[in-house]
Amino acid sequence: MPVDDSLVGRTFPPTAAYDVSAEKIREFARATGSEYDGGAAPATFAIVVAFSAMTALMEQPDIGISLHRVVHGEQRFTYTRPVVAGDELTATLTVDSLRQIGGADIIGTRTEIVDVHEKPVCTAFATLVHRGDDA
Amino acid sequence: MKTGDELPEQTYTVTRADLVRYAGASGDFNPIHWSDRVATSVGLPGVIAHGMFTMALAARALDTWAGGPGRVAELGCKFTKPVLVPDDDTGVEVVVRGTVKNVSDEGVHVSLEVTCGDEKVLGMPRAVLRG
């Protein structure tokens, strides 16, 4: 089943606030072989926050996405400032584009990550490839 | 850093244990990153690294070149080829190379190349480091 066209332009409700702790940054840094010096989190750390917004999209029952058919095609982060311990971050996902190529849906998403003062921290752009039944 | 600089090549070893650790740290528990049974059932040759783990290795190289974390203003790539991680103690090597494309008011534009064996595993990986 193709993904519903009406998805384009849709913005989903913000995720619950994510409290960034020093221990979580340290765990992520260690898992990627980096050192945490008490300052900025590693540059891909924002995926932890963006991931919950993407998961919420994929789990929406009315859209027709099956989670096991989804492949991460592309990812880009633009940072206004680094993520640091003590941040309370929320992520708001918008579907920017939808194309069909060879039985797959290519879903372009943009997730705006803001702090507790609603100030921008990071924008995470993800392209999700949803393979059709025969793809 | 100045235009044309070739940044020192970084080589990272990736084992199954690294993938398990990354799954826990990132919250991405997709079984194709830890179960051969599930990975082969969806047509993969075996367990593959999370694309975001490979991207994190690119970010690690950028931090090394920049002299510390917090200078990445932009980072993007396509996930073009999977990194197959064998179930042994040796793992597999991922190599990250970088070239300074130009230096502008925005920062230092770096073009990366991320390979495993002879294959580029990320498509058009690039970054901007704040000056």
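This is a predicted model: local features need pLDDT of at least 70, side-chain atom pairs count only at pLDDT 80 or more; totals for chains, interfaces and linings use all residues.
On bookkeeping, residues are numbered from 1 along each chain as its sequence is written, chains are lettered from A and ligands numbered from 1 in the order in which they are written, and side-chain values use heavy atoms, with hydrogens and water left out.

OK, chain A. We get two helices and five strands, where helices (H or I, at least four residues) and strands (E, at least two) are DSSP runs numbered from the N terminus. Reading from the N terminus, the order is β-α-α-β-β-β-β. The C-alpha trace spans about 50 × 30 × 20 Å along its principal axes. For 135 residues, a compact globule would have a radius of gyration near 14 Å, and the 16 Å of chain A agrees with that; the radius is taken over C-alpha atoms, and the globule rule is 2.2 Å times the number of residues to the power 0.38.

Now the sheet pairing, where two strands pair if DSSP finds at least two bridges between them. In chain A, strand 3 (residues 88-101) pairs with strand 4 (residues 104-114) in the antiparallel sense over 11 bridges. As one example, Thr94(A) has Arg110(A) as its bridge partner in strand 4. These two strands make a hairpin with two residues between them, and Gly102(A) in the turn has a positive phi of about 50°. Strand 3 also pairs antiparallel with strand 1 (residues 18-19), over two bridges, and there Asp19(A) sits opposite Glu88(A).

Chain B has a hairpin too: its strands 3 and 4 have four residues between them, with Gly107(B) in the turn at a positive phi of about 145°. Nine bridges join those antiparallel strands, and Val95(B) stands opposite Thr115(B). Strand 3 of chain B is also paired with strand 1 (residues 6-14), antiparallel, over seven bridges.

So what happens between the chains? There are 25 residues of chain A in contact with 25 of chain B, contact being heavy atoms within 4.5 Å. The buried area is about 2200 Å², with 60% from carbon and sulfur atoms; that's the accessible area (1.4 Å probe) that two parts lose on being put together, summed over both. On the chain A side, Ala31(A), Thr32(A) and Thr44(A) lose the most, together 20% of what that side buries.

Which strands join the two chains? Strand 2 of chain A and strand 2 (residues 72-79) of chain B run antiparallel, joined by five bridges. Within that pairing, Arg76(A) stands opposite Gly76(B).

Arg76(A) comes up again in a salt bridge with Glu74(B), at 3.7 Å, N to O.

One of the others is Glu23(A) with Arg26(A), whose closest N and O atoms are 2.9 Å apart. Those two are three residues apart in helix 1 of chain A, so about one helical turn separates them.

That's my tour; happy to take questions.

Technical notes: A salt bridge is a side-chain nitrogen of Lys or Arg within 4 Å of a carboxyl oxygen of Asp or Glu.
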